[in-house]
Amino acid sequence: MPASYNCEVLLSDVQCKLGESPFWHNDTLYWVDIHGKELHHYCPKTKKHVQCPTETQLGCIVPCTVPGRLATATDDYFGLVDPTTGQVEKITPNSGEIEAVEESRFNDGKCDPAGRFLAGTMGTAKPRVSGLGRLYSLTCVDGSSSSSSEGKDVEAGVVEAKQFGVTKLLSNLTVSNGLCWNEKGDTLYYIDTYDYKVMQYGYNLGSGEIDVENGKCCVDFTKHDECKGAGPDGMTIDKDGMLWVAMFRGSKVTRWDPQTGELIGIVEVPVPHVTSVCFGDLPITPVEGDSGADAALSTLFITTAKLPIPQRRKRGKKGKKNVNQATQNENPGEASNSETQEKQDQNQNAQPEEESRGSHQAEIDANTAPNAGCIFVAKVPTSGFPVDVMKI
């Protein structure tokens, strides 16, 4: 029986259309509202909340060594964003490139322990089309770092003074989503939402390469009734090596043992769309029997979305789409077109054909849930790691 944890609202006056990409850094919680085109940061010590409009949709943000900036992956490019103005300075890679794929955008991303920025893309068409997503790695290849000047102001033009390289790590994805590394940094856990699995890959921290050939499923959400009708979204890892996965359309965050695939914990969240999670610090009511309630990074922050629940469409063979990949089989482990079609067939079987309630009622429930789109917090009997920072 999985352990059960409660959560509470952190900021009731903030309701994001699509809250995502939370991280805790310098005693501050950062996150984005993708559809709302906003970047948020909140300091619990000062109670100061900044809600900054952005020029474009930020799929994800990560801290970086450039003072006064965050690294971001936006619609179809990487960049640096000023969290006080929302202005984005585009990064044009000096080596490698981001494929031009219609009806796609960047989604979730994080930094590896070596300071690379990994971010994935997803198709935006509905129903979702398999094969449009990619996972990329952005590296500052000139070897310099701005960390020594952290905390000072920085002038525009940082990007032009640096050399960046982009590497494509995975292709033929549907919705590239949560990712995290184990403590050693030699294992990458990764979610493509419509696979309904957490994949485990060997990871070379020195080169940034993924061992695709020996990748394996470590969590299969289709085997658990608690996850029925929900899609795995953002993810983090705790100091015990357990994975915390936000369940979109599932009203919960789930905790998993990647060694056994066992569901070992559930945080019930009173809204349908739970999008992502991270560890940080906040003094809230401890869980029963938790002797380390005041330990650093022992609060789980949870982002949510205020979106309608879409009606499932029943699609027969005539409704299935095949995506021709212009760059198929460029990297090891990429599927052929026939494999992409087979993957899509399996996904259609894994997805529930329709929601348990009517589409109209589900849409009403999602939009009238009092705290849909809010940030929630939960005290759990473990803690996380400090966020990894992109080295520039």
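Buried, as used in these legends, means under 20% relative accessible area. The model shown is predicted.

**View 1. Gly 265 sits inside strand 22.** Here we look at Gly 265, which belongs to the strand spanning residues 262-268. Its relative accessibility is 0%, so Gly 265 counts as buried.

**View 2. Gly 265 meets residues from other parts of the sequence.** Once the neighbours within four places in sequence are set aside, the contacts of Gly 265 include Pro 2, Ala 3 and Tyr 5. Val 253, Thr 254 and Arg 255 are also among its contacts.

**View 3. Strand 25 is largely enclosed by the rest of the structure, because five of its five residues are buried.** This strand covers residues 375-379. On one side you will find Ile 375, Val 377 and Lys 379, and on the other Phe 376 and Ala 378. These residues are all buried, so both faces of the strand are covered.

**View 4. Strand 2 pairs with strand 25 in the antiparallel sense.** Three bridges link strand 25 to strand 2, which is made of residues 8-11. To find one of these pairings, look for Leu 11, whose bridge partner in strand 25 is Ile 375.

**View 5. Strand 24 also runs antiparallel to strand 25.** Strand 24 takes in residues 299-305, and four bridges join it to strand 25. A handy place to start is Phe 301, with Val 377 of strand 25 standing opposite.

Definitions and conventions:
Residues are numbered from 1 along each chain as its sequence is written. This is a predicted model: local features need pLDDT of at least 70, side-chain atom pairs count only at pLDDT 80 or more; totals for chains, interfaces and linings use all residues. Side-chain values use heavy atoms; hydrogens and water are left out. Helices (H or I, at least four residues) and strands (E, at least two) are DSSP runs, numbered from the N terminus. Buried means under 20% relative accessible area, exposed over 50%, partly exposed in between (1.4 Å probe, protein chains only). Contact means heavy atoms within 4.5 Å. Two strands pair if DSSP finds at least two bridges between them.
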